[in-house]
Amino acid sequence: MKVALVLSVIALGCSALVTKQERRFPDDFLFGTATASYQIEGGWNADDKGENIWDHMTHNHPNVIKDGSNGDVAADTYHNYKRDVEMMRELGLDAYRFSLSWSRILPDGLSNPVSAAGIAFYNNYIDEMLKYGITPMVTLYHWDLPQKLQDLGGFANPLFPDWFEEYARVVYDNFGDRVKHWITFNEPREICLEGYGSTTKAPILNATGIGSYLCAKYLVLAHAKAYHLYNNEYKSSQGGECGITISVNWFGPLTDTEEDRFAAEIRRQAEWGLYAEPIFSEQGGFPKEFTERVAQKSAEQGYRSSRLPEFTEEEKQFVRGASDFFGVNHYTAYLISATEHITQNVVPSLYDDVGVGVYVPEEWPQSASSWLTESPDSILNVLNHLNQKYNNPKFYITENGWSSPPSSGLIDDDRIRYYRAALENCLDAIDAGVRLQGYMAWSLMDNFEWMEGLTERFGLYHVDFEDPLRPRTARKSAFVYKEIIKTRVIDHSYEPATMTMTIDEGR
Ligand code: PNW
């Protein structure tokens with residue numbers, strides 16, 4: 001893909017003429033926004049929807065959510081989906097990434113019964129988008145596992161890949177005639193490390209250093225099953241693509257020494273290599289150095305075998321290459337040291353296995369989320385790194401965004417600065433030869449931010465959670481994003497003339 005370079009001539013002062021290169025996104029680049037079912041839908045027990053692990057956790061342990069809120073109603077997209085699509089039209093989006101609630105479609109998790117109401121809801125949502133030329137990009141799993149499958153061990157059960165394949169078949173059968181972009185899983189790291197290996201996401205198992213690794217193996221196999229199912233039985237008739245989204249933050253060395261460079265590499269392998277390497281690397285399997293590290297630590301700790309399970313040769317071959325694209329969720333960066341800033345970690349745990357120090361420079365602007373700072377060139381570093389490591393795959397940025405406190409209102413200049421910098425990086429990456437085909441901003445609107453409840457807002461649209469109708473209002477960033485999508489150019493001096501949103505012709 002080639003970026004068109006447009007030369008524009010700008011008059012400066014009265015006489016001096018300078019030429020400025022305007023960098024343009026390709027016309028077929030997909031600009032979108034992203035959301036996830038549990039974070040926006042509400043309707044937690046509408047019709048025959050089954051209970052999922054977030055319903056279960058928030059209802060049984062409400063104290064784990066910072067403000068005691070939950071996703072029972074959230075932004076109530078279940079009843080407001082037409083307004084959601086209207087917002088997509090206002091922004092002029094090319095695409096919209098959203099996820100399906102497994103237990104809304106299959107209340108008990110397995111393929112019987114299938115909920116007619118659940119299927120109808122997603123049919124309506126998809127058809128409403130297509131009516132206005134908005135391309136749906138659908139994630140099958142964004143963290144809301146049916147509770148009945150969790151009761152059977154969830155991702156740690158070796159049968160998990162079969163359950164996921166069964167669910168994927170129902171999804172492709174029902175929506176594949178209209179949906180051409182599939183994402184199997186959103187963020188394996190957050191599912192496995194946070195859900196199974198700590199207490200920062202449902203199902204808060206806290207099986208540190210063990211559960212997260214079992215989850216990694218069966219998640220990757222489940223992804224490959226759903227990929228091959230699509231490839232073998234649906235692709236030729238439906239003509240779409242199927243990939244996975246991995247959260248890839250940048251981990252660079254604190255100093256330019258061999259020790260710190262290796263420390264950063266081990267941390268990258270543990271953070272996202274665990275999931276990317278089996279699928280996208282030439283040789284397949286879990287990352288080499290990290291595998292050795294966990295094996296050695298496990299032996300020292302008295303385990304008879306490594307806490308990190310292995311793949312059989314057959315499994316390795318099955319998983320290797322099983323993706324049409326690499327979906328990247330990118331937010332931030334950290335500097336990694338072999339010797340400095342080291343903190344004590346629980347034994348055994350992934351962080352103890354890694355054993356490195358983490359540093360965030362004070363000058364990087366801080367968002368409302370403790371983990372999220374704006375770090376220079378982090379998307380570019382990530383895309384260049386992955387591009388080289390995995391031999392130039394096709395990429396989408398499937399999430400990227402900035403949080404503000406609930407009180408911050410509609411004028412969000414910090415979010416605008418973050419988005420502009422990120423999109424400049426996307427253009428840099430395209431210029432460098434990265435096959436980046438789209439960018440989904442997180443998020444279309446404020447939503448239920450998991451353990452942080454409603455205390456951190458990521459929306460281009462503000463949502464009033466006090467009002468039963470959950471009205472949505474465009475923030476300043478929505479106008480700026482709209483202008484970028486319309487012109488395909490990042491104009492750093494653009495200011496919206498009004499704060500009244502309208503739908504442009506043709507939408
Ligand atoms: C993503 N990190 O999670 C999720 O996909 C969204 O559901 C979520 O709302 C959004 O980002 C904002 O948090 C992340 O530690 C979780 O870098 C953790 C990280 C990044 C993204």
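Guide: Helix α11, residues 258-280, lies across β8, β10 and β11. The helix runs at about 165 degrees to β8. This is a predicted model, and the description that follows is of that prediction.

The strands under discussion form an open sheet of 3 strands, in the order β8-β10-β11. Strands of a sheet pair through backbone hydrogen bonds, and the pairing may be parallel or antiparallel. Here the pairing is mixed. The edge strands are β8, residues 250-253, and β11, residues 357-359. Each of these edge strands pairs on one side only. From one strand to the next, the twist averages 40 degrees.

Now take the pairing of β10 with β11. Strand β10 covers residues 333-337. It is joined to β11 by 3 bridges, and the two run antiparallel. Within this pairing, Leu335 stands opposite Tyr359 of β11.

Empty space inside the model is a separate topic. Rolling a probe the size of a water molecule over the atoms shows where such space is left. The count comes to 3 cavities of 30 Å³ or more. The largest cavity has a volume of about 60 Å³. It is lined by 13 residues, and the closest to its centre are Ile53, Tyr141, Trp143, Ile191 and Ala202. Helices α2 (53-60) and α8 (188-196) each supply at least two residues of this lining, with α8 giving the largest share, 4 residues. By type, the lining of the largest cavity divides into 9 nonpolar, 2 polar and 2 charged residues.

Technical notes:
Residues are numbered from 1 along each chain as its sequence is written. This is a predicted model: local features need pLDDT of at least 70, side-chain atom pairs count only at pLDDT 80 or more; totals for chains, interfaces and linings use all residues. Side-chain values use heavy atoms; hydrogens and water are left out. On a 1 Å grid over the protein atoms alone, a cavity is a set of points where a 1.4 Å probe fits but cannot get out, and a pocket is an open set with protein on both sides within 12 Å along at least five of seven lines; lining residues have an atom within 4 Å of a point. Grid points are joined across faces, edges and corners, and a volume is the space filled by probe spheres set on the points. Ala, Val, Leu, Ile, Met, Phe, Trp, Tyr, Cys and Pro count as nonpolar, Asp, Glu, Lys and Arg as charged, and the others, Gly among them, as polar. Two strands pair if DSSP finds at least two bridges between them. Axes are lines fitted to C-alpha atoms, for helices over the stretch in contact, and angles run from 0 to 180 degrees between N-to-C directions. Contact means heavy atoms within 4.5 Å.
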